[in-house]
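Here is a short report on one protein chain. Look at the strands and the sulfur link as you read.

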Amino acid sequence: MGLVSTVLIALAPAGCKKDSGPPSPEYEQAHQRFSKIYAQKLDQAFLDPEMDAIDALLEQVPADSMDAPSAKELQQRIKAGRAKMEAAQEEQQEAIESAHQVDSVPSSPEPEAEPEPTPPPAEPKDAGTPDLGPVAGSPASELTAGYLGCFQAGKPIDIQGKGLRDAWEMSSRARCSQQYPAFVGQVVLVEDGKVLAMLPKSAIVTTYKLQDGGTSTGNPNTEKSPGPTK
């Protein structure tokens, strides 16, 4: 009887679940680098080459490390974020290639429009989050009162196959150019209440609708207007 008890006691520890392995220095380094670059660039960080080095570090995390689940989760986040931003880039490129700005030629000079009221000051942003301006997917409502009031509605843009979309341009004020230098000479395109893409003005073709039903590109005041387009 004593012999049997001794055998059972000796075998008991073999059935216990093993504890997780030690923390992974590779995961700790990858997590710190990811947090730093994401704080600087937000979702644009997923397209930065630095993400490849971070992903390589996560691959080195041992499977038995206590950080292994967190490493896999961060890898999935990087993969999903990169796919989302690449799709947004493709959509933006398609919009650039098919963008046409529509303008109507008036029969007589129109009176000067009254200046728009000064928008209310935007609520202060978190000091820890850099203000990079509107990005793809951000609410279009922020263009009205946010971003220091630096954006104003422009003429609509005709996207081939999609129709007219609202467009916004940055004010020429020096403060705006200093705060948002990336938007100098750019047009912000809006679709379904959200920012769709940012287009260079040089890529937009202006088409004028003439009174006789024809169309013309360029400035109708300096060029001879063609007849109706067949």
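Which residue in S4 does Gln-152 stand opposite? Gln-152 stands opposite Glu-169 in S4.

This is a predicted model, where local features need pLDDT of at least 70, side-chain atom pairs count only at pLDDT 80 or more, and totals for chains, interfaces and linings use all residues. Residues are numbered from 1 along each chain as its sequence is written, and side-chain values use heavy atoms, with hydrogens and water left out.

**Strands**

Helices (H or I, at least four residues) and strands (E, at least two) are DSSP runs, numbered from the N terminus. Two strands pair if DSSP finds at least two bridges between them.

| Strand paired with S4 (residues 163-170) | Bridges | Direction |
|---|---|---|
| S2 | three bridges | antiparallel |
| S3 (residues 157-159) | three bridges | antiparallel |
| S5 (residues 186-191) | four bridges | antiparallel |

S3 and S4 form a hairpin, with three residues between them. Gly-161 sits in the turn and has a positive phi of about 90°. Ile-157 has Arg-165 in S4 as its bridge partner. Asp-166 stands opposite Val-190 in S5.

**The disulfide**

A disulfide is a pair of cysteine sulfur atoms within 2.5 Å. The count here is one disulfide. Cys-150 is joined to Cys-176, with S to S at 2.1 Å. The link links distant parts of the chain, 26 residues apart. Cys-150 lies in the loop between helix H5 (142-145) and strand S2 (151-153). Cys-176 lies in helix H6 (residues 174-179). The link of Cys-150 and Cys-176 is left-handed, with -85° about the S-S bond. Both Cys-150 and Cys-176 are buried (under 20% relative accessible area, with a 1.4 Å probe and protein chains only).

Methods
Buried < 20%, exposed > 50% of the residue type's maximum accessible area, 1.4 Å probe, protein only.
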